[in-house]
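Let's walk through this protein chain together, one piece at a time. Keep the picture open while you read.

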Amino acid sequence: MTYELISICDACKQAIADGEGGLWVDMSEVEQASINERAWEQLEAEQHESGVRTFSGESIQSYPDPARWRVHHYSCDPSPSANSYAIEVHRCRSWADLVWWTAHLMGKSWLGQTDWDELLQQASESAGNRITPAVRPHLHQAQWAGRGSAQKTGRSTGRPAWHIRRCHLD
Ligand SMILES: [Zn+2]
């Protein structure tokens, strides 16, 4: 059986066979990301009140990192006892599966504290890590360039949003 999507282990960089691993996020990291985001927002608000210009390139760069979705063989998992939300690899083998999981996860209040958006973007761009397609898909980038959530794009990559947007438009 040939699958549309391949799961690549973060540790050994090999594809994961059905039943041998999963995609997971550490819920304690999700909680920490939420705490960091609130602290960042409070700091931005205080700076705004004191007249410091907000959303400068510097402040966007300092936006706290989201919790990272990881992909591991069960035998490669560095923290198997973590309190995680996990998806077994055999349940995410097609683009339809990925859309289904995205719809499902959008019902979780904490999804925005994770880098699921970056995982999806990397999958669409055949980045070769985490969830990646077996066959490079056609991506109509020009249709969405510059329309994404600027703040989230900047946050996910740790770079200012304007830089990302300019790259897409070039
Ligand atoms: Zn592995």
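## Starting from one residue

Asp-117 is found in helix α4. Helices here are DSSP runs of H or I with at least four residues, strands are runs of E with at least two, and both are numbered from the N terminus. Asp-117 is partly exposed, because 18 other C-beta atoms lie within 10 Å. For that label, a residue is buried with 20 or more other C-beta atoms within 10 Å of its own, exposed with 12 or fewer, and partly exposed in between, with C-beta atoms placed from the backbone. Asp-117 and Thr-102 are 15 residues apart in sequence, and their C-alpha atoms are 9.3 Å apart in space.

Before going further, a word on what you're looking at. This is a predicted model: local features need a pLDDT of at least 70, side-chain atom pairs count only at pLDDT 80 or more, and totals for chains, interfaces and linings use all residues. Residues are numbered from 1 along each chain as its sequence is written.

The pLDDT is the predictor's confidence in each residue, from 0 to 100. The protein chain averages a pLDDT of 84, and 76% of the residues score at least 70. Over residues 147–170 the pLDDT is below 50, and this stretch has 34 contacts in the model beyond near neighbours in sequence. A contact means that two residues have C-beta atoms, placed from the backbone, within 7 Å.

## The overall plan

The secondary structure of the protein chain comes to six helices and five strands. From the N terminus on, the order is β-β-α-α-β-β-α-α-β-α-α. Buried residues make up 20% of the 170 residues in the chain. Now look at contacts between residues at least 6 apart in sequence: 73% of them join residues at least 24 apart.

## The sheet

Which order do the strands of the open sheet have? The three strands go β3-β2-β4, with antiparallel pairing. β3 (70–73) and β4 (84–88) stand at the edges with a single partner strand each, so one side of each has no neighbour in the sheet. From one strand to the next, the twist averages 30°.

Strands count as paired if DSSP finds at least two bridges between them. Five bridges join β2 (residues 21–26) to β4, and Val-25 stands opposite Tyr-85 in β4.

Helix α1 (residues 27–49) lies across β2 and β4, running at about 35° to β2. That angle is taken between N-to-C directions, on a scale from 0 to 180 degrees, using axes fitted to C-alpha atoms (for helices, over the stretch in contact).

Helix α4 (residues 116–124) has the buried residues Trp-116, Leu-119 and Ala-123. Seen down the axis of α4, they fall within an arc of 55°, so they line one face of the helix. The arc is that of the directions from the helix axis to the C-beta atoms. Among the elements that cover these buried residues are α3 (95–105) and β5 (131–133).

The largest nonpolar core has 15 residues, and Leu-23, Trp-69, Leu-119 and Ile-131 have the most contacts inside it. β2, α1 and α4 are the elements that give two or more residues to this core, and α4 gives the most, with three residues. A nonpolar core is a set of buried Ala, Val, Leu, Ile, Met, Phe, Trp, Tyr and Cys residues joined through C-beta atoms within 7 Å. In soluble globular proteins, nonpolar side chains tend to be buried together.

What does Ile-131 touch, not counting residues up to four places away in sequence? The list is Leu-5, Ser-7, Leu-23, Cys-92, Leu-98, Leu-119 and Ala-123.

## Positive phi angles

| Residue | Phi | Where |
|---|---|---|
| Lys-13 | about 65° | loop between β1 (5–7) and β2 |
| Arg-130 | about 50° | loop between α4 and β5 |
| Ser-126 | near 55° | follows α4 |

Is Lys-13 buried or exposed? Lys-13 counts as exposed, because it has 10 C-beta neighbours inside 10 Å. Arg-130 is buried, with 22 other C-beta atoms within 10 Å.
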